[in-house]
Amino acid sequence: MGKLEGMEDAVVTRRVSESQSERSEIIFPSDSNALGNLFGGRLMQFIDLVGAMAASRHARAITITASMDHLDFVAPVHVGDLLILKSSVNRAFRTSMEVGVKAMVEDLRKQQLRHVSSAYLTYVAVDREGKPIAVPQLVCETDHQRRRFEDAGRRREMRSGETLRKKRLRDQIGGEWNV
C-alpha cells in the first residue's frame, strides 16, 4: 500500500476549537409531518450538514460521510421551533474523523435550551478525485475533549467489528432483493 496523498513526515495537528461548527434552523411546515413534528430524515440532514462543516474545517478538505451511528431522537422538534445544532471533531484517525453533533431547541421566551437529538458521524477526507487523504491529528485542550477523544476510540473499535460482520453478511446474501 502506497503513501496517501497529503501525508508528510511532519505531524500536522489542529485544536478541537478550530473546527467546531454551529447551524441554526427555524422549522417550517414543509419540514414537518402531519402532527407538526420535524421529519426525522430532515433532522438527519441538518445533523449531517453541521457535522460535515466541522470535518471539512478540521481536514481543510472535501469530506464525505462514511457513517452515521448512535443517532438518538430524544424529543420532538415542532413547527416554529428554533433548532440549534453544534458539531465537534471528537477524534481524527488517519484519513477519517469522528464528529459528534448535538441538537437543541431554544425556547426564546424562557431563554432555555431543550436537548432533542445527538449523533456520531464518521467522515473521510478526500482529494478532488475522491481518494482518501491524511487528516491532521486532534489536539484536545480540556478534560471534556479528552473524554470525547477516548470514547471515540472505543466506538471505532465497535464499528470495525460491526462493519466486518455486515460485509460477511452481504457476501452471503448476494445481490438479490430479500425483504
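## The sheet

Five strands form an open sheet in the order 2-4-5-6-3, with antiparallel pairing. Strands here are DSSP runs of E with at least two residues, and helices are runs of H or I with at least four, numbered from the N terminus. Two strands pair if DSSP finds at least two bridges between them. From one strand to the next, the twist averages 25 degrees. Axes for such angles are lines fitted to C-alpha atoms, for helices over the stretch in contact, and angles run from 0 to 180 degrees between N-to-C directions.

The model is predicted: local features need pLDDT of at least 70, side-chain atom pairs count only at pLDDT 80 or more, and totals for chains, interfaces and linings use all residues. Residues are numbered from 1 along each chain as its sequence is written, and side-chain values use heavy atoms, with hydrogens and water left out.

## Strand pairing around strand 6

Strand 6 (residues 112–126) pairs with strand 3 in the antiparallel sense over nine bridges. Ile 62 stands opposite Val 126 of strand 6. Ser 67 has Thr 122 in strand 6 as its bridge partner.

Strand 6 also pairs with strand 5, again antiparallel, over 12 bridges. Val 105 has Arg 114 in strand 6 as its bridge partner. Strands 5 and 6 form a hairpin, with four residues between them.

## Ser 118

Ser 118 sits in strand 6. Its side chain makes a polar contact of 2.6 Å with that of His 115. A polar contact is a pair of N or O atoms within 3.5 Å; within protein, one must be able to donate a hydrogen and the other to accept it, and residues adjacent in sequence count only if both atoms are side-chain atoms.

Leaving aside residues up to four places away in sequence, Ser 118 touches His 70, Leu 71, Asp 72, Val 101 and Lys 102. Contact means heavy atoms within 4.5 Å.

## Helix 1

Helix 1 (residues 40–59) lies across strands 2, 3, 4 (82–92), 5 (96–107) and 6. It runs at about 45 degrees to strand 4. The expected span is 1.5 Å times one less than the number of residues.

Which residues of helix 1 are buried? They are Leu 43, Phe 46, Ile 47, Val 50, Gly 51, Ala 54, Ala 55, His 58 and Ala 59. Buried means under 20% relative accessible area, exposed over 50%, and partly exposed in between (1.4 Å probe, protein chains only). An α-helix has 3.6 residues a turn, so residues three or four places apart point the same way.

## Helix 2

Helix 2 (residues 143–173) lies across strands 3, 4, 5 and 6, at about 80 degrees to strand 4. It has 31 residues and reaches 45 Å from its first C-alpha to its last, close to the 45 Å expected.

Its buried residues are Gln 145, Phe 149, Asp 151, Ala 152, Gly 153, Arg 155 and Arg 159. They pack against strands 3, 4, 5, 6 and 7 (137–139). Gly 174 follows helix 2 with a positive phi, near 85 degrees.

## Loops

Most residues other than glycine have a negative phi, and most peptide bonds are trans. Arg 60 is not a glycine, yet its phi is positive, about 55 degrees. Arg 60 lies in the loop between helix 1 and strand 3. Arg 60 counts as exposed because its relative accessibility is 58%.

Gln 111 also has a positive phi, about 55 degrees, without being a glycine. Gln 111 is in the loop between strand 5 and strand 6. Its relative accessible area is 71%, so Gln 111 is exposed.

Leu 35 lies in the loop between strand 2 and helix 1. Leu 35 counts as exposed, at 73% relative accessibility. Leu 35 and Val 79 are 44 residues apart in sequence and 9.3 Å apart in space, C-alpha to C-alpha.

## The whole chain

The chain has two helices and seven strands. Their order from the N terminus is β-β-α-β-β-β-β-β-α. The C-alpha trace spans about 55 × 50 × 30 Å along its principal axes.

Of the 179 residues, 39% are buried. Among contacts with a separation of 6 or more, 72% join residues 24 or more positions apart.
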